[in-house]
Amino acid sequence: MNSIQQYQAAFAASLIIFSLNSCTALPPEIGESIPPIPSPTATPKPESFPPQILPEFEAPAAPDTVTAKIYEVDSQCQALISENVTLPVEHSIEAAVAKVLEQQYTTDFDLSYRVILDRHKSLAIIDLRIPPNSKRQLASLSNCEQLALFGGLRQTLIGNRGWQIKQVRFTEEGKEIWL
């Protein structure tokens with residue numbers, strides 16, 4: 001035989017040995033747990049497949065916290081987008097307001113606030129306070145800043161249905177702000 005035929009014979013022999021070694025039977029306890037492979041013409045039934053466990057996208061909230069959506073303005077200042085945040089169950093509405101206001105924080109706008117809830121009317125009043133010596137006042141907000149501040153707060157409070165808030169009003173030191 002020439003050298004090519006010798007290599008072919010050796011290769012064929014090693015393939016046969018390899019395929020025989022890979023055909024060993026599985027132990028009974030493992031073989032019984034593997035479902036049979038359906039034939040290509042058979043339509044698999046949903047109940048024949050084991051249930052799949054899908055990973056969760058969010059870690060479950062701790063028992064004393066709740067997941068809520070807060071809204072902020074998009075980069076084009078065209079719409080409000082939501083973000084899921086974890087808040088304490090106790091005072092979750094106030095914490096959500098604080099999160100929205102954190103996003104609007106600027107050094108030239110000193111803002112304090114108070115949240116007043118009227119559960120009987122499904123109403124939330126956010127009383128904003130700006131010191132008279134502040135560099136800016138609420139009247140100086142651009143349309144984008146108004147959408148971010150007032151729209152973000154309103155949508156956050158109304159958009160979380162568990163809080164049962166249907167109406168949001170804004171006041172400045174007790175006087176209603178008309179937008």
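## Disulfide, sheet and confidence in a predicted model

The structure holds one disulfide. This is a predicted model. The bond joins Cys77 to Cys144, with an S to S distance of 1.9 Å. The torsion about the S-S bond of Cys77 and Cys144 is about 125°, so the disulfide is right-handed. Distant parts of the chain are linked by this pair. Cys77 sits in the loop between β1 (65–73) and β2 (80–88), while Cys144 belongs to helix α4, 67 residues apart. Is Cys144 buried, exposed or partly exposed? Its relative accessibility is 32%, so Cys144 counts as partly exposed.

**Layout of the chain**

The chain has four helices and six strands. From the N terminus on, they run α-α-β-β-α-β-β-α-β-β. Four strands make an open sheet in the order β3-β4-β5-β6, and the pairing is mixed. β3 and β6 are the edge strands, each pairing on one side only. Strands β5 and β6 are antiparallel to each other and share two bridges. Glu172 has Lys175, in β6, as its bridge partner.

Helix α3 lies across β3 and β4. Their angles are listed here.

| Helix | Residues | Strands | Angle |
|---|---|---|---|
| α3 | residues 92–103 | β3 and β4 | about 145° to β3 |

**Contacts and surface**

Of the 179 residues of the chain, 23% count as buried. The accessible surface comes to about 13,400 Å². Carbon and sulfur atoms account for 57% of that area. Take the contacts between residues at least 6 apart in sequence: 50% of them join residues at least 24 apart.

**Confidence**

The chain averages a pLDDT of 78, and 63% of the residues score at least 70. Where in the chain is confidence lowest, and where highest? Helix α2 (residues 28–31) has the lowest, at a mean of 49. Strand β5 has the highest, at 96.

Where pLDDT is low, the predicted coordinates should not be read in detail.

Terms used: Residues numbered from 1 in each chain as written. Predicted model: local features only at pLDDT ≥ 70, side-chain atom pairs only at ≥ 80, totals over all residues. Heavy atoms only, no water. Pairing = 2+ DSSP bridges. Contact = heavy atoms within 4.5 Å. Axes fitted to C-alpha atoms, helices over the stretch in contact; angles between N-to-C directions. pLDDT = per-residue confidence, 0-100. Buried < 20%, exposed > 50% of the residue type's maximum accessible area, 1.4 Å probe, protein only. Areas by Shrake-Rupley, 256 points an atom, 1.4 Å probe, with all protein chains shown as cover. Disulfide = S-S within 2.5 Å.
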